[in-house]
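Student: I have a two-chain model on the screen and would like to go through it piece by piece. Can we do it as questions and answers?

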Amino acid sequence: MIAYLTRRLIQAALILLGVSIITFALLYLLPADPVRQIAGRSATPQTVESIRQQLGLDQPFVVQYWRYLTNLLSGDLGRSYIQRSEVTELIVSRLPASLILMVGAILCELAIGLTMGLIAAAKRGSATDQTLMVGSFIGVSAPQFVVGLLLLYVFAVQLGWFPIGGYGTWQHAVLPSLTLGILGAGWYSRMMRSSMIDVLRQDYIRTARAKGLARHAILFRHALPNAILPVVAMIGIDIGLFMSGIVVVESVFGWPGIGQLAWQAIQRVDIPIIMGVTLVSACAIVLGNLLADIVAPFIDPRIKLR
Amino acid sequence: MLTVSGLTVSVRGEEGERAVVSDLSFTLARGETLCIAGESGSGKSMTSLAIMGLLPQPQARVSAGSIRLGDLDLTALSEKRMQAVRGNRVAMIFQEPMTSLNPVLSIGRQLIEAIEVHTNLSGGDARARAIEALKAVRIPEAESRLKQFPHELSGGMRQRVMIAMALALKPDVLIADEPTTALDVTVQGEVLELLRDLQREQGTAVILITHDMGVVAEMADRVIIMRNGRMIEQGTITDIFERPQVDYTRELLGAVPRMGSGRAVASGKSAEPAKPAAVAEVRELHVRFDLHGGFFGRVTRRVHAVEGVSFSIAPNETLSLVGESGCGKSTTAKALAGLLPYSGDIAIGGRNLAGLGRDERKAVRRDIQMIFQDPYASLDPRMPVGDLVAEPLLIHGIGTPKERTDRVAALFERVGLTVDQMERYPHEFSGGQRQRICIARALALRPKLIIADESVSALDVSVQARVLKLLKELQSEFGVAYLFISHDMAVVENISDKVAVMYLGQIVEMGRSEQVFANPRHPYTKRLIEAVPVPDPARRRTRFARLDSEIASPVRRVGDPPAKLLLQDVGDGHLVAAH
C-alpha cells in the first residue's frame, strides 16, 4: 500500500511537471502581450521595455521556465502582474469557495444521478424509465449558463427560496452546486442505468433470487456494489470537467472562487495566475483519480493495488 | 412431494407466443433423484426455472398447468410468498460456479444471508449454521472460508459453496441444473458423490438436469427424456438405458461417446508401417507469463503454463492433448498457431519457425488452421458466412474472386451445407452448422494441420457425433493432421491416434490411444479415466476417484522453475513420466 502510494505520488509529480511545461509553453507562444496589458495603451516603448525587463519576459523560454520551476519548488507561484499580490495568496483565499462548490456538486450529481439510474434500471422499459432518460438527456445537453439562469429565475426570483447570488451561508451554495451537478447527474444516471442493467443480468443475481431474497436486498446488496464501480472511477476523471464548469457557474452566481479568478486572469493575460490555477486544477484531477483508485478495492475485493 | 401437471411455458418472441415446454407432467417423491435429460432447446432448463418461479421476465410465463409442492400451488403464489419458498423449500444450483457467486461479497455473507432470510436465527447461530453447511460439503477449514471471496476459490470449491448454500436450510426439493458441466472430470466426480451423499442423509428430492448420459446413469432413479419442450419418454433408469421405447432415446444413447468403443479403429490405423515426415514437430516448448509486482513493477513470479513439451504429428494423424483446466493444453495449441510468444522449437513441414522472417512465417502459418470451442463467438455476426469462409483465402491472396467463390462453394457442400446458404449470416445457423462453417473456414487454405481446441465440447451429443464423423472423413480425404484438444476422455479415445496427457504444463503420459486408455501407467492418467461417468447404470460407482488435494498452482517465484519430468518408454513408444 505504501509502495503503491509512493509510486502513484511520484507519477503525479511527473504529470504536474508535464502540465506546467505545456501550459507555460502555450502561454509563451500566445500572441497577446502581457506587458502591453500592464503598461496600458499610452505607454512609451521605453516604459514597455523596462516592464518587460523587470518581469524577465525578455529572457529566452528555457530561462523563464527554469526560474518559474525553481520558484515553484520552493512554494512560490509568483506575483500577479495586475493585482499586485502573491498568486499563492490569491488562490488560497479563493480555493475554499470553489471546494465547497465542488463537494456540493459531487453530492448533487451522485444523489440525483445514481437514484435516477437505479430506478430506471429497476423499472427498465417502463414509462418511468423513459421519462428519467429523457430528463438525463436534457441534463447532459443543456448549457450550464442556461440551467443556472433558469434555476435562479425559478427558485430565487419567483419562489424566493434561495438568495440570488453571493457567498456565505449554505443556502448560497445550493443553486450553483445544483447547476454544476445537473450535467454530471445526466451522465451518471445513464452510466448507472447501463451498468445496473448489465449487473442484473449476471448469474449471481439469479442465485440471489433463488435464495428467496427480497427485491430490495437484491438491488441494494447484490447489484449496487457491482454496478457502482465504473461510476467511482468516473468521479475521479470528472473533477477535470468541473473546472471548466466552475468558470461559467461562478460568474453566473457571482461566486468568489478560483473560476472567477481564472476568468479575470485570462482576460488580462495575467500569466502567473493562469499558471497557478492550471496547476491547482491539475493537482485536483490527479488527486481525484488517485482517490478513486484507492476506494475501488474496498468495493471490489478482486482489485488489488500494486 | 412435487407434482407437475400439464405444465406449459410460453415465451413471447417476435412471432408471438411460442411454447418452449408443452404439457409436461411428472411427480417427484421424497429422497428420489429424477433426471431430466435432453439436448439444448429441449426445455429442460425452462422447466426448472418455472418450478423456481424464476422464468425470465417479462418474456416467459407459465401459460397452463400447475406445479404443486405438497399442497401449495407454486404457479398461483404471489412474488412475495414465492420468495418464502425459494431457497427454503425448493433450492437450486446452477451450471456456472464461476459466475454464480457475487464477486464483491464474502462467502460467509452470501451463505449467512441465505439462512437469515428464511429463519429467525441470531447472527451467531446463522454463522454456526453456515459453518456446518460448509463442513457438510467437505470444505476444509470451513470457518476461515467465511471470510474469503469467490475469486479466491477454485471452480469445484465454488460449486460446493453453491451446494452448501442450497442445502443449508434442508429444502424438500433441490434442482441442480447441469451442476457439473463446467467442472473438470475429477471434480465432477467429487461433486456428484457429494450430492448423492447429502441426498441420502437429508432425504432431499433432487431434480437433476443434464445433457450428459454418463451423469444420468450415475445418479438417476428415474429419467425423463425431453425434446422440443415435450417429454418423449420417462421411466426408471434401467428401463431407459436397457429398454428404451422411443427411437429418439435410442439415438441419444447411441450418440453418446463411450470409452472403450474407439479402440478397434485406432489400432487398425496406427498399424500402418510407413512413418512419413512429421507435419508439426514441437521440441521443448515453453510458455511462461510474467507476473509483475513490487515497487518497480519487476517480474516477481511467473506462470509456467507450458514447461518443456515435445511431440510430433504425422500427416493423416490425430494427436489429442487431454488434461484438466489450467494444464496448458490450449496454451500449447496457441503457441503452435503462432498466437503466443514461446521459447523452444516449433517446426511446421520441416521448417523451423524461429529462423523465418515475417512473410515466410505467414506462408507457413497457412498450413496451420484452428477451430475454436464456441461456434457462436468465433464467427463475425456482421459477415455473410460465405465471406467468412473465403476470408483466409483473401488474406493470403489466393485466387481470383471467382475461384474463391468456387472453392468456398465446394467446401460448403463438403461439410454438409448448401451453396445457397453462403449468403446468410451466422445467427441463421444452429450450433452444429456453425461449427461446420468453422471447419470449412479452417479447410479453405488446405492446411496440413488443423488445431481443434474443444471444438465439439459445446455441441449436443448427436450433433457432436456427426461433427466428429465429418472430421474423420475429411482427414482420410485430405490427409490433414489434427491436434485435438479436449477435456472429454470418451471423445478423445474415439478420435485419436495418439494421446498426450498434460498436467501442470508438462506431458505425464503419451502414447497411441489404445496404449494410454487400455493400459494407463501414470497415476494421473488413471485418475482421469476413472473419473469419467460411464453411461451405463449397471456400472454405477459407489465411490468416485477423489483428488487428494487441489491441483497445484503453475504460478512460481522467479528462479524456481518446476522440476522437469523425464519420460520413459515403457514399450512400443508408450511414454510415461516417472512418478
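Student: Helix H1 of chain B lies across E1, E2 and strand E4; at what angle does H1 run to E2(B)?
Tutor: This is a predicted model, and the angle is computed from it. Helix H1 spans residues 44–52 of chain B and lies across E1, E2 and strand E4 (60–69). Its direction relative to E2(B) is about 75°.

Student: In what order do the 4 strands of that open sheet in chain B run?
Tutor: The pairing in this sheet is antiparallel. Its edge strands, each pairing on one side only, are strand E2 (16–28) and strand E5 (72–73) of chain B. The order is E2-E1-E4-E5.

Student: Which residue in E2(B) stands opposite B:Val4?
Tutor: Strand E1 (residues 2–13) of chain B and E2(B) run antiparallel and are joined by 9 bridges. In E2(B), the residue opposite B:Val4 is B:Phe26.

Student: Which residue of E17(B) stands opposite B:Ile368?
Tutor: Strand E16 (residues 368–371) of chain B pairs with strand E17 (residues 449–453) of chain B in the parallel sense, over 4 bridges. B:Ile368 and B:Met370 point one way from E16(B), while B:Gln369 and B:Ile371 point the other way. All of these are buried. The residue opposite B:Ile368 is B:Leu449.

Student: Is B:Glu454 buried, partly exposed or exposed?
Tutor: B:Glu454 sits in the loop between E17 and H17 of chain B. Its phi is positive, about 50°, although B:Glu454 is not a glycine. A residue needs 20 or more other C-beta atoms within 10 Å to be buried. B:Glu454 has 19, so it counts as partly exposed.

Student: B:Glu141 also has a positive phi; is it buried or exposed?
Tutor: B:Glu141 is not a glycine, yet its phi is about 50°. Its place is the loop between helix H4 (123–136) and helix H5 (142–145) of chain B. The cut-off for exposed is 12 or fewer C-beta neighbours. B:Glu141 has 10 inside 10 Å, so it is exposed.

Student: How are H10(B) and H17(B) set to each other: roughly parallel, roughly perpendicular or oblique?
Tutor: Two packed helices are described by the angle between their axes and the distance between the axes. The axes of helix H10 (residues 247–255) and helix H17 (residues 461–478) of chain B come within 8 Å and cross at roughly 50°. That makes H10(B), relative to H17(B), oblique.

Student: What is the hand of that crossing of H10(B) and H17(B), and which residues of H17(B) make the contact?
Tutor: The crossing is left-handed. H10(B) contributes B:Glu251, B:Leu252 and B:Ala255. The residues of this contact divide into 4 nonpolar, 1 polar and 1 charged. Those from H17(B) are B:Val461, B:Ser462 and B:Ala465.

Student: B:Gly432 has which contacts, leaving aside its neighbours within four places in sequence?
Tutor: B:Gly432 lies in helix H16 (residues 431–443) of chain B. It is partly exposed, with 19 other C-beta atoms within 10 Å. Its contacts beyond those neighbours are B:Leu459, B:Val463, B:Arg466 and B:Val467.

Student: Which helix gives the largest share of the side of chain B that touches chain A?
Tutor: The contact takes 26 residues from chain B and 22 residues from chain A. On the chain B side, the elements that give two or more residues are helix H2 (79–85) and strand E6 (90–93). By class, that side has 15 nonpolar, 9 polar and 2 charged residues. The largest share, 3 residues, comes from H2(B).

Student: How many helices and strands does chain A have?
Tutor: The C-alpha atoms of chain A fill a box of roughly 85 × 55 × 30 Å along the principal axes. Of its 306 residues, 34% count as buried. Its secondary structure comes to 12 helices and 0 strands.

Student: Which residue with a positive phi follows H11(A)?
Tutor: Helix H11 spans residues 258–267 of chain A, and its buried residues include A:Ile258, A:Leu261 and A:Ala265. Most residues other than glycine have a negative phi. After H11(A) comes a residue with a positive phi, near 50°: A:Val269.

Methods. Residues are numbered from 1 along each chain as its sequence is written. Chains are lettered from A and ligands numbered from 1 in the order in which they are written. This is a predicted model: local features need pLDDT of at least 70, side-chain atom pairs count only at pLDDT 80 or more; totals for chains, interfaces and linings use all residues. Two residues are in contact if their C-beta atoms, placed from the backbone, lie within 7 Å. Ala, Val, Leu, Ile, Met, Phe, Trp, Tyr, Cys and Pro count as nonpolar, Asp, Glu, Lys and Arg as charged, and the others, Gly among them, as polar. Two strands pair if DSSP finds at least two bridges between them. Axes are lines fitted to C-alpha atoms, for helices over the stretch in contact, and angles run from 0 to 180 degrees between N-to-C directions. Angles under 35 degrees count as roughly parallel, over 145 as roughly antiparallel, 65 to 115 as roughly perpendicular and the rest as oblique. A crossing is left-handed if the near helix is turned anticlockwise from the far one by less than a right angle, and right-handed if clockwise.
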